[in-house]
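Here is a short briefing on one protein chain.

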Amino acid sequence: MFCSKGSIVVTSNLRHCVIGPQTMFMCPPGTIVQVESEKGAEVYFILCEEDFINRINIDLKQLMRLFLTVREIPTLKMNDAEWLEITNSIEVVFAEGRKHRTDTLSVEIMHSLFRTLCYRICRTIDDRIEKQQMNPACDTRNRSTVYFNTFLEELSKHYMQERSVGFYAEQLHLTPKYLTTLLRVTTGRTASEWIDEYVILEAKNLLKYSAMNIQEIAYYLNFPNQSFFGRYFKQHTGMSPSAYRSSK
């Protein structure tokens, strides 16, 4: 959500947020949002399904990392340059969409424009996170966020080969117990749950959008065999890999 004028008050997962001019409000997957009031507000809303993000070839894990990093403070006040860049990109997307063209080239143009918008939003969030991490006066919450970001960076590099909490704790020079506690407090998820989430996201992407068969995917994700991968996938999704692949 992007507020260009006035203000809007929302409740996000039981937390009140005031969104004023030139402010972006981010809703990670699973967020429950209720609009409480507005005062002369003009806003842009952008909502999209996970499958659409996958179809336009945006790394969903990258989006999740950024959105969950800012879940504690979901509003981001932008400077003039950031606001102009993103709102111009939004207007271009809307202008193309209003043409209602369905030919192949127009669809690809729309996907490219939306992909550019997404990455501009990601860059703005990433820049803000970097500035916060460089602040020497950061408090305990910010230090926890730094650990979380570092954990996700390591996870994005190694999740296909390493699925033990101990490995990632060692990378961060923490004990496995402390890493698990820190992530639970910071994000509401344990280290194991984060690891499983990354593996399952990649498995879903491969099942839906790759030509690999299930056995090849199992070996690609470093499972000992297809049967073990199938049990793991069903445990976390409630579906077998073949059932997920054939679903819409």
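Arg189 and Glu197 join their side chains in a salt bridge, with 3.8 Å from N to O. The model is predicted. Arg189 is partly exposed at 27% relative accessible area. Glu197 is also partly exposed, at 24%.

**Other salt bridges**
- The structure holds six salt bridges.
- One of them pairs Glu42 with Lys5, at 4.0 Å from N to O.
- Glu42 sits in strand β4 (residues 33-44) and Lys5 in strand β1 (residues 2-12), so this pair ties together parts that are 37 residues apart in sequence.
- Glu42 is partly exposed, with 44% relative accessibility.
- Lys5 is partly exposed too, with a relative accessible area of 47%.
- Glu154 bridges to Lys157, and their closest N and O atoms are 3.9 Å apart.
- Both Glu154 and Lys157 belong to helix α5 (residues 140-158), where three residues, about one turn of the helix, separate them.
- Glu154 is buried at 15% relative accessible area, whereas Lys157 is exposed at 55%.
- A network of salt bridges links Glu85, Arg120 and Arg123.

**Overall fold**
- The chain has eleven helices and five strands.
- Of its 248 residues, 41% are buried.
- Among contacts with a separation of 6 or more, 64% join residues 24 or more positions apart.

**Surface**
- The accessible surface of the chain is about 14000 Å².
- Carbon and sulfur atoms account for 53% of that surface.

Technical notes. Residues are numbered from 1 along each chain as its sequence is written. This is a predicted model: local features need pLDDT of at least 70, side-chain atom pairs count only at pLDDT 80 or more; totals for chains, interfaces and linings use all residues. Side-chain values use heavy atoms; hydrogens and water are left out. Helices (H or I, at least four residues) and strands (E, at least two) are DSSP runs, numbered from the N terminus. Buried means under 20% relative accessible area, exposed over 50%, partly exposed in between (1.4 Å probe, protein chains only). Contact means heavy atoms within 4.5 Å. Accessible areas come from the Shrake-Rupley method with a 1.4 Å probe; for residues, only the protein chains shown count as cover.
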